[in-house]
Each structure stands twice: as C-alpha cells, then as structure tokens.
Amino acid sequence: MGDLELLLPGEAEVLVRGLRSFPLREMGSEGWNQQHENLEKLNMQAILDATVSQGEPIQELLVTHGKVPTLVEELIAVEMWKQKVFPVFCRVEDFKPQNTFPIYMVVHHEASIINLLETVFFHKEVCESAEDTVLDLVDYCHRKLTLLVAQSGCGGPPEGEGSQDSNPMQELQKQAELMEFEIALKALSVLRYITDCVDSLSLSTLSRMLSTHNLPCLLVELLEHSPWSRREGGKLQQFEGSRWHTVAPSEQQKLSKLDGQVWIALYNLLLSPEAQARYCLTSFAKGRLLKHLHHTGLHWTPLQLRAFLTDTLLDQLPNLAHLQSFLAHLTLTETQPPKKDLVLEQIPEIWERLERENRGKWQAIAKHQLQHVFSPSEQDLRLQARRWAETYRLDVLEAVAPERPRCAYCSAEASKRCSRCQNEWYCCRECQVKHWEKHGKTCVLAAQGDRAK
C-alpha cells in the first residue's frame, strides 16, 4: 500500500463487509453517517493504492464480498434523495439550521461513491461483479451526461461565486449545483470503463447502451460541446482536479483526460465486434455521428473527416486510426432501417423500486429528517466534528490531492493554513479575513472537536 496508509488490510475488510443499503428516510442518521465515513476512508485508501501503483485491496475486497451492487444502489438512492427530498428542505422558509454541514455530507455522498467507483472500475472484474446493477449504473451515467450536454447548451456549468445576501441553505444549493458538474465528469469516466468490458456485457446492457440511449450519439455531443473546456479572456481553460486551469499554448494540442475518455468510449462502442453486431446505424445515427464528429460549418467530406483526427491526436491515441477508417467507410455505407426484433430484455430496477417505495412520502421523509437528523444540538455537532477530523486526516488528504492547495477565497495557490482548524488554505491574511464569515462556524466546530480528542 505504500508508506502512507489510512487503513490496515484487516480494517479495510471489516469496513467493506459492513457496507449496506439504507432507506431514504435514514440518510443522515447516525448509522448512515458511520457508513459515509467508512466510505470516505475506503475512497481515500483506494486512491492511495492506485497512486503508488501497488496491489489494490479495496477493489479486490469489493469484488470478493459482492459489495459493488450495494455501492450502485446507494449511489442511486442518494441521487433520488437529492432530487426529491433536498428541494423540500430548501423550500422551508423557517428552516435555519445552526450548521448545514450534516446536510452537506448527504449531498456530498453521491460524489464520494462515484469517485470510489471511478477508481475501482478501471478493473474489469469490478464491472463484472456489478452483475445486473450495471444496467442501473448505465442509466445513471446516461442521466448525468444528458444533463451535462443540456447544461453546455445553456452557457456551461455554474460559477462558484455566491451572493453576499444568500443564506446558508442557498449557499448549500449552490454547492450542490457545482458538485453536479464534477459528478457528471466522474460518471463519464465510469461509463468509459464500462465500455472497456463490452465483450463481457449482457445483451440487455448492450441494447440499453446502443438502442435505448444511443450512447455513441450522446458521446459525440459531448465532444462537440466539450463542457470541461472554456475560453476566458482569450485563454483556454480546462477543468481538472476540481478546478479550472489555464492551459499553456504549448500544451493546447495535448489531449485532455476527459476528451480521451470520450474518444476511447466511442472507439469501444463503434468498433468492438459485440457492439457492431448490436448497433443499428440508422440514417439518424449516421447523420448525427458524421455531423458532430466533423463540424466546420461546411458540408462534410471523407477527406475532412480524416483531417479531424489529426496526426497529433493519433500520436496520443494510435488506436483511433481504426476509428478514422471506420468513419471514412461510414460515409459510403447504406443506412439500416430500425430493427424490429422481439427481444426479452432486463431493465434497470433500482430507481423504479425506490420511487415506488417512497412515492408520496417525500414531504414526510423531509419532515422526519428536519426534526430528528438535521437539527443537531451543539454537543452533537462537536462530537461529529471530532469524527470528521479523524476521517479527513490532513496527511492523507494532501497525499490524494491532485495539486497544490488553493486559497479558499480567491483560488490562488496557497501556502498558509488556518491556524485554528488546519483545514482551509489561504494565499494571504487578507483572503482569510474576507472568508472568515463563511468559514467561521465550521472552523470553530472543527477546532472544538479536535480539542475534545
């Protein structure tokens, strides 16, 4: 595992074996919070294991104990909670919690799970161990990427600046919106890893990806919009490691990780024998593929299609030469009528089951959680702060961080840490003072929890 370990092998196994699904009503409860903390530890340990390129016991433990389906169910459950229950909290005018961090932990839970899945789904055996829930995961990824494309058409992801007049719940809503963008990008990576397993996926899963959702067309929409890239002040910026980075002119021809994920997923879905046998290239599909894979404002030609896949791109992903040949051939290929085969297929069931079990209960669930979960006492908050401090160890967080710390106020590279809680970073004293109104309550609670150890 390397020199830095968060969990010993025996501890990791205990945590993995204890993973279970929670009803929506119990999200945020004491037992749920304990599992959330356990998942965060597993998440950080999995990243540490992958970083040092040694054995990856978290991935092996999840497969051995059959817990990947549990993670998928928890992922979809918290997605539903955020869509159906969280908005109820935001509409309650007299709900003014002393601290919104307990609610934030539930909102953040989806990001924690999808991050863990992104880390472990690199291994094909993890995808295979998802069993029937891979259908639900495909649907989940489709929902996220569809929203990402729609958001791109409306001017891109929301910015991080909040209003000076916003209350804590409005701030939390803003954080949730920002989090959705990052979750969607993680879902893209998970979907790409699923396409790596196209030769072992069930016919139902292939049909879901190619016929029901027509993922190749959705992926080329993402290539066209490239929501993880933008121009600011004439400079190219790309989103990576939870932040926007300015790309140096010398690096602008370098393929970004997210663009690479899209190209690889497209390659898998268009060129693998299993997918080609199932994908019906109708006139609609052919038109969408060719239009978006080659969009210059002019009519496309075979020469222009090949020119889109530049030598620079092919040098970085040589296998795309096969995709280049496929696209050139596609321009000369007759389209196919939609297939009308009668096929008995499995369908995803987690979302529908959860919605059926909780339909008409969203208000009641919110009322119960407002009274019993998200209105903790000062003592409960101190105890929870202590547990958060134990979970989010600073040495581990710094080891898994994708880059140097950034100022919590202005996002510049930071070298100074809050002396009270040691959690937030700042580039200067002035930024720390300006950020104190927002950071103060959390800082005091964290410091109190640390002293209580």
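## Strands 1 and 2

In this predicted model, strand 1 (residues 229–232) and strand 2 (residues 235–240) run antiparallel and are joined by four bridges.

## Strands 2 and 3

Strand 2 also pairs with strand 3 (residues 243–246), again over four bridges and in the antiparallel sense. Two of the residue pairs can be named here: Glu 240 has Arg 243 of strand 3 as its bridge partner, and Phe 239 has Trp 244 of strand 3. In the hairpin of strand 2 and strand 3, where two residues lie between the strands, Gly 241 takes a positive phi near 65°.

## Helices 8 and 9

Two packed helices are described by the angle between their axes and by the distance between the axes. For helix 8 (residues 133–152) and helix 9 (residues 168–195), the angle is about 130° and the axes are 9 Å apart. Because angles over 145 degrees count as roughly antiparallel and those from 65 to 115 as roughly perpendicular, this angle makes helix 8 oblique to helix 9. The crossing in which helix 8 passes helix 9 is left-handed.

On the helix 8 side, the contact is made by Val 134, Leu 137, Val 138, Tyr 140, Cys 141, Lys 144, Leu 145, Leu 148 and Gln 151. Helix 9 contributes Glu 180, Phe 181, Ile 183, Ala 184, Leu 185, Ala 187, Leu 188, Val 190, Leu 191 and Ile 194. Sorted by class, the contact between helix 8 and helix 9 comprises 16 nonpolar residues, one polar residue and two charged residues.

## Helices 1 and 2

Helix 1 (residues 9–17) and helix 2 (residues 30–51) cross at roughly 130°, and their axes come within 10 Å. Helix 1 and helix 2 are therefore oblique to each other, and helix 1 passes helix 2 in a left-handed crossing.

The contact is made by Ala 12, Leu 15 and Val 16 on helix 1, together with Asn 38, Lys 41 and Leu 42 on helix 2. By class, four nonpolar residues, one polar residue and one charged residue make up the contact of helix 1 with helix 2.

How values were computed:
Residues are numbered from 1 along each chain as its sequence is written. This is a predicted model: local features need pLDDT of at least 70, side-chain atom pairs count only at pLDDT 80 or more; totals for chains, interfaces and linings use all residues. Side-chain values use heavy atoms; hydrogens and water are left out. Axes are lines fitted to C-alpha atoms, for helices over the stretch in contact, and angles run from 0 to 180 degrees between N-to-C directions. Angles under 35 degrees count as roughly parallel, over 145 as roughly antiparallel, 65 to 115 as roughly perpendicular and the rest as oblique. A crossing is left-handed if the near helix is turned anticlockwise from the far one by less than a right angle, and right-handed if clockwise. Contact means heavy atoms within 4.5 Å. Ala, Val, Leu, Ile, Met, Phe, Trp, Tyr, Cys and Pro count as nonpolar, Asp, Glu, Lys and Arg as charged, and the others, Gly among them, as polar. Two strands pair if DSSP finds at least two bridges between them.
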